[in-house]
Amino acid sequence: MWRHGPPWWNQGDGASAGRRLPWLTTLALTVFVQIGSGFAGHSQSGREQLDPYARVLLFLATAVLLFRHRFPLSVAWATAGLTLVYIGAGYPYGPVFLAVAVGCFAAVVAGHRRAAWSAVGALWAGHLLIAHWLYRWLPPGGDGARPWNEEIAVAVWVVAIVAVSELARVRREQWVKERAERAQAARRRADEERLRMARELHDVLAHSISVINVQAGVGLALLDSDPEQARTALTTIKAASKEALGEVRQVLDTLRAPGDAPRAPAPGLDRLPELVEQARSTGLTVDVTTEGTRAKLPPGLDLAAFRIVQEALTNVVRHSVSRHARVLVRYDEACATAEGKNGESAALTLRIDDDGPATGTDAGGSGNGLAGMRERAAALDGTIEAGPRPDGGFRVTAVLPLAADRDTATRTAPREDQ
């Protein structure tokens with residue numbers, strides 16, 4: 001009936017759960033035991049009639065249940081002891097045993113299994129002594145030994161209490177484990193979301209700021225000698241900053257309202273000409289070669305491919321003295337059908353080369369940019385290889401598989417793309 005446990009087991013854990021007292025259930029149980037015992041007394045003429053002392057014992061046996069969550073061990077023994085005194089005083093059998101059941105149930109669920117079993121066992125042993133030996137000296141007068149078939153019924157009742165309590169304990173442990181797993185999964189999703197946001201912001205800002213930095217340097221150098229060229233540089237800076245602000249705003253909008261649809265489509269390889277034009281504005285010549293038949297890519301894969309090319313070109317601008325880069329976009333023949341001729345998975349291959357040499361030791365971008373590219377590829381079960389070429393240049397190669405089930409790529413896409 002409850003998928004993850006009853007509501008009163010999901011309201012808190014630890015100390016907060018122990019501070020709550022079950023007033024309502026305890027009061028209902030107290031009223032039930034008092035009224036039910038009265039009816040039981042009328043049908044058991046051979047037992048002592050309920051008097052104030054009996055009422056007090058019944059009240060205490062149920063009142064201690066108010067603390068069954070704070071002190072389950074003590075409550076289990078208290079209910080068993082009070083019930084044994086009640087039976088030993090010759091009062092009628094009846095709902096008083098329900099208090100023992102609830103007390104032992106709470107103790108087993110709380111983890112005090114042996115103590116609860118011991119309390120129930122002690123009650124049973126005490127009842128055997130009273131019913132078959134001590135009855136001679138205990139009220140009611142003239143009472144005889146109880147039939148053994150009644151002891152069998154009591155034994156069945158004890159076993160039922162233990163079985164139900166153990167079942168509840170196991171089920172509660174499962175619910176607790178499931179809640180912990182859900183909480184851990186929620187934390188993991190939150191961490192992944194923060195990582196995705198950081199990666200998106202890094203890729204957007206790193207590329208745009210690199211363009212702005214180069215153009216600012218050009219503008220400062222030509223401000224006096226060639227004002228028209230300086231004006232062109234400032235125009236490029238304005239366009240790059242405007243585009244960066246737009247993409248940053250789009251990323252932040254998805255963070256503020258994750259359930260809303262994005263206001264603008266996420267970038268993909270269809271915007272590769274714009275990316276090449278921005279790179280050219282920094283003085284970098286980019287040749288783009290496309291091999292194979294272009295296929296419609298899932299949003300997540302399309303975005304990852306665009307960001308990988310963007311970051312690779314940004315690294316060329318920042319870390320290489322080369323002013324020439326080559327971009328190869330290769331669609332496998334299987335991209336259109338999602339599976340190759342020999343059963344091989346279809347893949348999109350991206351290769352970005354520059355002729356180098358590097359301006360420093362961090363050629364190719366060995367920091368957050370390269371790590372971000374690897375994370376994007378890994379999210380799609382792809383690979384990234386980056387390193388110097390034998391001829392002194394640098395190469396970045398990304399292989400992004402196209403799973404047979406297109407939903408695989410869609411599930412790994414950021415929320416802004418879905």
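These are my notebook entries on a predicted model of one protein.

**Entry 1. Overall content**

I began with the secondary structure and recorded 12 helices and five strands. I then looked up burial: of the 418 residues in the protein, 43% are buried. For the contacts with a separation of 6 or more, I noted that 76% join residues 24 or more positions apart.

**Entry 2. Annotated segments**

I consulted the UniProt record, an unreviewed entry, for the term "transmembrane region". The record lists residues 20-41, 53-71, 91-109, 116-134 and 154-170. I examined two of these segments in the model. Residues 53-71 are 58% helix and 0% strand, with 25 Å between the end C-alpha atoms. Residues 116-134 are 89% helix and 0% strand, and their end C-alpha atoms also lie 25 Å apart.

**Entry 3. Helices α4 and α6**

How do the axes of α4 and α6 cross? I recorded that α4 covers residues 72-88 and α6 covers residues 113-132, and that their axes come within 9 Å and cross at roughly 10°. Angles under 35 degrees count as roughly parallel, so α4 is roughly parallel to α6.

I next listed the residues that make this contact. From α4 they are L73, A76, W77, A80, T83, L84, I87 and G88. From α6 they are A115, S118, A119, A122, L123, G126, H127 and I130. Sorted by class, the contact of α4 with α6 has 11 nonpolar and five polar residues, and no charged residues.

**Entry 4. Aromatic residues**

I found four aromatic pairs in the structure. One of them joins W133 and W137, with 6.0 Å from centre to centre and 85° between the planes. Plane angles over 60 degrees count as edge-to-face, and the pair of W133 and W137 is therefore edge-to-face. I checked the accessibility of both residues. W133 has a relative accessible area of 47% and is partly exposed, whereas W137, at 58%, counts as exposed.

Which residues form one aromatic cluster? I noted Y53, Y86 and Y91 as its members.

**Entry 5. R271**

I located R271 in the loop between α8 (227-256) and α9 (272-281). Is R271 buried or exposed? Its relative accessibility is 19%, and buried means under 20%, so R271 counts as buried. I set aside the neighbours within four places in sequence and found R271 in contact with E243, E247 and F306.

**Entry 6. V317**

I placed V317 in helix α10, which covers residues 299-319. At a relative accessibility of 16%, V317 counts as buried. With the neighbours within four places in sequence left aside, I recorded contacts of V317 with S210, V214, T282, L284 and R323.

**Entry 7. L220**

My last entry concerns L220, which I found in helix α7 (residues 148-222). How accessible is L220, and does it count as buried or exposed? Its relative accessibility is 69%, and L220 counts as exposed. I noted L234 as well, which is 14 residues from L220 in sequence and 9.7 Å from L220 in space, C-alpha to C-alpha.

Note on methods:
Residues are numbered from 1 along each chain as its sequence is written. This is a predicted model: local features need pLDDT of at least 70, side-chain atom pairs count only at pLDDT 80 or more; totals for chains, interfaces and linings use all residues. Side-chain values use heavy atoms; hydrogens and water are left out. UniProt positions are given in the numbering used here, feature names are shortened, and annotations may be inferred rather than shown by experiment. Helices (H or I, at least four residues) and strands (E, at least two) are DSSP runs, numbered from the N terminus. Axes are lines fitted to C-alpha atoms, for helices over the stretch in contact, and angles run from 0 to 180 degrees between N-to-C directions. Angles under 35 degrees count as roughly parallel, over 145 as roughly antiparallel, 65 to 115 as roughly perpendicular and the rest as oblique. Contact means heavy atoms within 4.5 Å. Ala, Val, Leu, Ile, Met, Phe, Trp, Tyr, Cys and Pro count as nonpolar, Asp, Glu, Lys and Arg as charged, and the others, Gly among them, as polar. Rings of Phe, Tyr and Trp (its six-membered ring) pair if their centres lie within 6.5 Å; planes under 30 degrees apart count as stacked, over 60 as edge-to-face and the rest as tilted. Buried means under 20% relative accessible area, exposed over 50%, partly exposed in between (1.4 Å probe, protein chains only).
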